[in-house]
Amino acid sequence: MGESVDAWFVRDILAHEAALMRFLHRNWRDHDEVSDLRQEIYVRVYESATRKFPDSPKSFLFTTARNLLTDRVRRQRIVSITAVGDLEQLHVLKDELEPDRWFSGREALARLARALDRLPDRCREVVWLRRVEDLPQKEIARRLGISEKTVEKHIAKGSRLMADHFHGIIDRDIPPGDRQGAHARIRKPT
Amino acid sequence: MTDDHRQIERDAALWLARRDAGGWDDRQQAALGAWLSETTAHRVAFLRLEATWDETARLHVLAAGVSHPQIPARGAWQGSPYFAPLLGDTGITASAPRHRMFRPTRARRWPLLASMAASLLAAVTIMGTLAWREVTHVDRGEWQTALGAQQVVHLADGSSATLGSASELSAALSRRERDLYLPRGEAFFDVAHDPARPFVVHVDGYHVIAVGTRFDVRHEGSGLRVVVTRGLVRLRSARDPQLAATDLPAGSVALVKGGAVSVQQVPLDEAREFLTWRDGYVVFHGTPLADAVQEFNRYNAHKIVLADPSLGSLRVGGNFRLDNSAGFVRLMQEIFPVHADSGSGDIVLSRRPGSHRK
């Protein structure tokens, strides 16, 4: 046996989640469905990899995504042109060109700090104590005067929200094409 | 379907949190293993949360050398040297200086006060001048890019312009019109729809006029090129208003040379390939090497020179990174009978000895 599918999946597929999410947000109008689509894409990719690892994981991920969107549109009986941006184009190339790695250390840290700041107050407090100060859950419960069960729930919620926020949903309001290069703003006359 | 996926994610998060609680034994591990094996949906949901959770261990460095009696306020680590240029776009303390060292207690309050004061001042200023600005205000700006650089400019009307290598752009946006000037180089415009205010790019004696659309203008010594990827653009001679304007719908590639305008209609996908420079690459389809080389030279200080003009007619295809002319040259040497010499700084391509086929 080669390496495990799990390790492969984390390294070669999950690393592209930010790009994948941008792709889905850009090409699927109902943003509520995006995380559902993402999960289905992951299932398809993972199952396929248990049979054979694709040569180019990133291309395979985006091909799978594109196919899924096409399937979904076909399945909706009334095909709405506006449901997808540009089915032909699907902007895959651009997303595929995003850096194919987990974020660099510093960038990851900045994104994590931002993601942390978006957690609800109590949840943020718990995640801070657990991940920054490295306190055990039991100690956090004691310190905050809440039950261990409640701490556990905050950790669970925190892990979900951190995963969502970490992977680039944060940036979705930036129009495509604007992510590269410096941003400048028009100068105000004095 | 959707609820199902959300429930799976919640379950996966609970497994993760429970394991994180400590006191995890073999029996629990086995139970988790069984849950993971039930369906691939369980497994991928868990792997995803676990991967990010592992990643959050990096947050640990935020605690380095500092003891926190309380958990810092949101954005309080702005001053941390770990982040210097990276958190700049959070908007949380946009107006506060960010060069301080990370001093957790005092540094925490100061940016907040500074930004509050700044926004108060801004609010007063805006209220005072809003009425007057409404009538007479002109937003002006000028931008330049260096060779190989690229810059996205957000204009006050909501439009944006992406400047290519070695380009110059200025803008004057008033209530009546939007005037842009491109004395040299290339820019891609994504124009905010506003029929009341025409968006006019003044370039090389022409007006390129748009209402709400996307198009690219390239201005080089040899002429002007306009590529439209959405909407409609009108091209008009500024010198001779009597000349009929040319309407360019999406998919048009217009070339202007010596006062003559030629327009080619191409499929949209093909038109978009003219714009890939914004993503840092270029697409060639059977492109003459002479043209391909010129494309790289627009972006790189070390120019590629064809010592033998007959090389210029070799055809090149594929996608290439614009900043990697060395890679391009290496590839050329592999597939063509050419030899590269970069001794002088520029990269000189010549025919490999003995390869003359004529």
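Colleague: Is Asp204(B) buried or exposed, or does Asp204(B) count as partly exposed?

Modeller: Asp204(B) counts as partly exposed, because its relative accessibility is 32%, where buried means under 20% relative accessible area, exposed over 50% and partly exposed in between (1.4 Å probe, protein chains only). This is a predicted model, in which local features need pLDDT of at least 70 and side-chain atom pairs count only at pLDDT 80 or more, while totals for chains, interfaces and linings use all residues. Residues are numbered from 1 along each chain as its sequence is written, chains are lettered from A and ligands numbered from 1 in the order in which they are written, and side-chain values use heavy atoms, with hydrogens and water left out.

Colleague: Where is the place of Asp204(B), and what is its phi?

Modeller: Asp204(B) sits in the loop between β6 (199-203) and β7 (206-210) of chain B, and its phi is positive, about 50°, although Asp204(B) is not a glycine. Helices (H or I, at least four residues) and strands (E, at least two) are DSSP runs, numbered from the N terminus. Ala166(B), in the loop between β3 (160-163) and β4 (168-173) of chain B, also has a positive phi, near 45°, and is partly exposed with a relative accessible area of 23%.

Colleague: Which way do the residues of strand β2 of chain B point?

Modeller: In a regular strand the side chains alternate between the two faces of the sheet. In β2 (residues 151-154) of chain B, Gln151(B) and Val153(B) point one way, Val152(B) and His154(B) point the other way, and all are buried. Two strands pair if DSSP finds at least two bridges between them; β2(B) and β3(B) run antiparallel and are joined by four bridges, with Leu163(B) as the partner of Gln151(B). These strands form a hairpin with five residues between them, and Gly158(B) in the turn has a positive phi of about 95°.

Colleague: How is the pair of helices α3(A) and α3(B) described, and at what angle do they pack?

Modeller: Two packed helices are described by the angle between their axes and the distance between the axes. Axes are lines fitted to C-alpha atoms, for helices over the stretch in contact, and angles run from 0 to 180 degrees between N-to-C directions. Helix α3 (residues 34-51) of chain A and helix α3 (residues 40-55) of chain B pack at about 105°, with their axes 9 Å apart. The two are therefore roughly perpendicular to each other, since angles under 35 degrees count as roughly parallel, over 145 as roughly antiparallel, 65 to 115 as roughly perpendicular and the rest as oblique. Their contact (heavy atoms within 4.5 Å) includes Tyr42(A) and Tyr46(A) of α3(A) and Val44(B) and Leu47(B) of α3(B).

Colleague: Which residues of the largest nonpolar core touch the most other members?

Modeller: A nonpolar core is a set of buried Ala, Val, Leu, Ile, Met, Phe, Trp, Tyr and Cys residues joined through side-chain atoms within 4.5 Å. Of the 38 residues in the largest one, those touching the most other members are Leu116(A), Ile140(A), Val151(A), Met162(A), Trp35(B), Phe46(B) and Leu59(B). Leaving aside neighbours within four places in sequence, the contacts of Met162(A) include Leu112(A), Leu116(A), Thr52(B) and Leu59(B). A second, separate core of 29 residues includes Leu182(B), Ala187(B), Tyr206(B) and Val208(B).

Colleague: How many residues of helix α2 of chain A are buried?

Modeller: Eleven of the eleven residues of α2 (residues 17-27) of chain A are buried, so this helix is largely enclosed by the rest of the structure.
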